[in-house]
Amino acid sequence: MSKVLIAGVGMIPFGRDVRRSERMMVEAVTELALKDAGVSAAEVQRVFLANAAAGLVSGQEMIRGQVALQSTGLAGVPLVNVENACASSSSAAALAFEAVLAGRCDLAIVIGVEKLSHEDKSRTFDALRGATDVGASSRPEPDRPASNSVFVNVYAEEARRYLAEYGAGIEDFAAVAVKNRGHAALNPLAQYRTPQTIEEVLRARMVVDPLTLPMCSPTTDGAAALVLCSEDYARRSGIAGCEIRATRLAAGRGHGSQPVAAAAAAAFEDAGLGIDDIDVLELHDAAAPAEILQYAEVGLCAPGEGHLLVRSGATALGGRLPVNVSGGLMSRGHPIGATGCAQLVEIYDQLTGRAGRRQVEGARAGMAVNAGGWLAGAYAACVATILVKAG
């Protein structure tokens with residue numbers, strides 16, 4: 001079977017800026033990714049553009065990619081718009097992988113973009129609520145404080161359950177935020193780069209008990225892009241890049257389903273690798289408890305032992321398996337339609353040895369796990385992707 005490679009990547013600094021449009025961000029990362037791959041827009045045969053919330057935040061629906069790219073060299077290239085909640089751009093990358101693997105094209109570009117900041121903040125919260133079953137939504141119990149963001153409420157409930165079942169402390173969630181902020185301090189593209197202490201995290205404003213503000217991912221604008229190519233194209237063009245060894249999409253079906261575990265297990269099987277073969281890992285830490293729970297779901301530990309990994313330093317830079325060296329969603333930022341691509345940009349940079357001060361020494365295989373949406377007690381979607389160093 002032929003291979004599919006990532007030939008180059010592009011990403012801009014994440015943050016909040018109401019003046020920065022989706023089109024501006026798309027144009028910027030497209031130029032960066034094409035330049036990094038050493039290819040021209042004229043060579044691209046497929047475009048997959050991912051965005052989750054523009055329809056509700058800005059009102060742009062249906063032809064988002066065509067609008068964003070109309071002034072670029074990619075205008076007129078066959079394009080698919082992809083929406084799959086927070087897993088939108090990892091889903092787009094999976095579609096591009098399959099198109100190249102099937103021989104439908106030799107060169108494709110995947111672009112993830114999201115602009116969540118808006119002068120009317122209710123638009124952002126309404127958009128996020130749209131990633132749940134709005135017809136089945138219910139208000140929280142009267143004695144439970146709630147956030148405007150339905151996902152913070154979900155993660156707070158998961159946190160309370162974890163604390164009750166496994167004997168962890170709130171300090172363990174704070175430690176995840178501190179770890180990822182320490183990583184983000186080394187990432188010039190991250191939204192939040194000022195180191196913080198456990199005490200500072202615990203003293204911060206409570207969003208929903210027990211989660212304080214630094215334990216939650218922020219509202220973020222941003223974009224990232226990947227150029228994918230076939231093995232034959234890479235050979236002809238002298239491209240090294242990184243191989244996409246596996247990418248798998250799983251769907252949640254509510255209580256009892258485990259799409260993160262399902263996607264990770266399928267990706268490991270396809271790749272012929274296990275968690276012990278992975279050198280660097282990006283997880284979907286939309287809130288601190290999410291990262292701790294996903295440690296077990298990807299096989300890094302047994303259920304209920306995730307907080308022990310944090311305490312030991314195993315998942316920090318320099319530890320046994322560094323997790324979210326980019327800063328993760330909590331500190332790098334979480335522009336939902338761009339997050340999956342951003343995770344893959346980080347893994348690519350790690351495997352090609354250009355991650356700077358956050359470089360994981362000797363990294364040869366990396367994994368990104370990007371979840372999205374919430375359906376009756378489980379993520380609605382998850383994509384797990386494994387990259388390996390070429391050669």
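Two strands pair if DSSP finds at least two bridges between them, and that is the rule behind the sheet views below. Strands (E, at least two residues) and helices (H or I, at least four) are DSSP runs, numbered from the N terminus. This is a predicted model, in which local features need pLDDT of at least 70, side-chain atom pairs count only at pLDDT 80 or more, and totals for chains, interfaces and linings use all residues. Residues are numbered from 1 along each chain as its sequence is written, and side-chain values use heavy atoms, with hydrogens and water left out.

**View 1. β2 beside β4.** Strands β2 (residues 46-50) and β4 (residues 107-115) run parallel and share 5 bridges. Look for Val47, which stands opposite Ile109 in β4.

**View 2. The whole sheet.** Nine strands make an open sheet with mixed pairing, in the order β3-β2-β4-β7-β1-β8-β11-β10-β9. At its edges are β3 (79-82) and β9 (280-282), each pairing on one side only. On average, neighbouring strands are turned by 25 degrees against each other, direction ignored. For angles here and below, axes are lines fitted to C-alpha atoms, for helices over the stretch in contact, and angles run from 0 to 180 degrees between N-to-C directions.

**View 3. Helices on the sheet.** Helix α1 (residues 22-37) lies across β1 (4-11), β2, β4 and β7 (221-230), and runs at about 130 degrees to β1. Helix α14 (residues 339-351) also packs on the sheet, where the strands it touches include β8 (242-251), β10 (365-375) and β11 (378-389). The direction of α14 makes about 170 degrees with that of β10. Contact, in this view and the others, means heavy atoms within 4.5 Å.

**View 4. Where α4 crosses α14.** Helix α4 (residues 88-101) packs against α14 at an angle of about 70 degrees, with the two axes 5 Å apart. The pair is therefore roughly perpendicular, a class that covers 65 to 115 degrees, while angles under 35 count as roughly parallel, over 145 as roughly antiparallel and the rest as oblique. From α4 come Ser89, Ser90 and Ala93, which meet Thr339, Gly340, Cys341 and Leu344 in α14. By class, the contact has 3 nonpolar, 4 polar and no charged residues. In that count, Ala, Val, Leu, Ile, Met, Phe, Trp, Tyr, Cys and Pro are nonpolar, Asp, Glu, Lys and Arg are charged, and the others, Gly among them, are polar.

**View 5. Nonpolar cores.** A nonpolar core is a set of buried Ala, Val, Leu, Ile, Met, Phe, Trp, Tyr and Cys residues joined through side-chain atoms within 4.5 Å. Buried means under 20% relative accessible area, exposed over 50% and partly exposed in between (1.4 Å probe, protein chains only). The largest core has 58 residues, and Val298 and Met367 have the most contacts inside it. Helix α6 (residues 150-166) gives the most to this core, with 8 residues. A second, separate core of 35 residues includes Val345, Ile347, Tyr348 and Leu351.

**View 6. β11 and its two partners.** Strand β11 is mostly covered, with 10 of its 12 residues buried. It runs antiparallel to β8, joined by 9 bridges, and Cys242 has Lys389 in β11 as its bridge partner. On the β10 side, β10 and β11 pair in the antiparallel sense over 10 bridges, with Trp374 opposite Tyr379. These two strands form a hairpin with 2 residues between them, and Ala376 in the turn has a positive phi of about 50 degrees.

**View 7. Around Thr385.** Thr385 lies in β11 and counts as buried because its relative accessibility is 4%. Leaving aside neighbours within four places in sequence, its contacts are Ile244, Ala246, Thr247, Leu344, Gly366, Met367 and Ala368. Gly340 is 45 residues away along the chain, with 9.6 Å between its C-alpha atom and that of Thr385.

**View 8. Pro195 in its loop.** Pro195 lies in the loop between α7 (170-184) and α8 (198-203). Its relative accessibility is 56%, so Pro195 counts as exposed. Not counting residues up to four places away in sequence, Pro195 touches Arg181, Ala185 and Glu200.
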